[in-house]
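Visitor: I would like a close look at one part of this protein. Please keep to plain terms.

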Amino acid sequence: MITEEQIMACKAEVAVIPDEKTEELNMPCDVYVSESERFESWANYDSDKLATGGVSVERIAQIGVRAFVLREYQSAWIIVRRTGKDAENEWKTFATVAFDLCNEMKHAFKYAFRNEPELLGRVDEIAQGTSDSDMIQDLKTYSLLGQKYEALLTPIGFDLTKLDTASSMSDEGANLLAEANGSKLKGNENKVLRDKAYTYLKEVVDEVRACGKYIFWKDKKRLVGYQSDHWKNQNAKRKQDETEDFVAD
């Protein structure tokens, strides 16, 4: 049974893995964790023989501890990733409305300020950027500029309540965009910890696999357990596809 002390010790080791030595998964995380947990049972059966190759039973037990921690960090990352996807979808809906308002204000201001070269230049300056963050800032700037020159906007029938709307949308958009972008960042803390936990688990799994392949190189029945089921299936599928392509040609 995995103890809280073992879990905390493992997390401490994961946390200090250097970024440059952190590896990214090359298969689905849940597949790797499940495969590792099954592999621990297989290796435990051979623990006496693996010990002759330099892998102790305590070392094998590390697979279960590290797999447990990886599963926990993966769960935390999934929550953030899914929340981020929700934020991305909400941002897309919000941005459509916000960009429309921004364009409407630019159009109205250019007409309202048509006889004010200095103000027209200000509108052109505001409209220079085209990114999402530029749009958010533009809404705030248009709002402040419009409030200062309401006397020029009123005669053209511009709805002055849109100045307050633009200001509040700017604040809302800034928060929403930050949430949407947060899930995409490669350096997201949850993803970094997940990848480091994977790196830590892979270290011991690779070590035990290598020892097993060394010990059981002539014993096909035991050797099979020291190979990745995922990659065996992937390789078999690839060979089948290649064969089908060859026949088709």
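With which residue does Glu 35 form a salt bridge, and how far apart are the closest N and O atoms?

Guide: Glu 35 forms a salt bridge with Arg 209, and the closest N and O atoms are 3.2 Å apart. A salt bridge here is a side-chain nitrogen of Lys or Arg within 4 Å of a carboxyl oxygen of Asp or Glu. The model is predicted: local features need pLDDT of at least 70, side-chain atom pairs count only at pLDDT 80 or more, and totals for chains, interfaces and linings use all residues. Residues are numbered from 1 along each chain as its sequence is written, and side-chain values use heavy atoms, with hydrogens and water left out.

Glu 35 lies in helix α2 and Arg 209 in helix α9, so the pair ties together parts that are 174 residues apart in sequence. Helices are DSSP runs (H or I, at least four residues), numbered from the N terminus. Glu 35 is buried at 5% relative accessibility, and Arg 209 is buried at 10%; buried means under 20% relative accessible area with a 1.4 Å probe, protein chains only.

Another bridge joins Asp 19 to Lys 196, at 3.1 Å between the closest N and O atoms. Asp 19 lies in the loop between α1 and α2 and Lys 196 in helix α9, so this pair ties together parts 177 residues apart in sequence. The whole structure has 17 salt bridges.

Key:
Helix = DSSP H or I, 4+ residues; strand = E, 2+ residues; numbered from the N terminus. Buried < 20%, exposed > 50% of the residue type's maximum accessible area, 1.4 Å probe, protein only.
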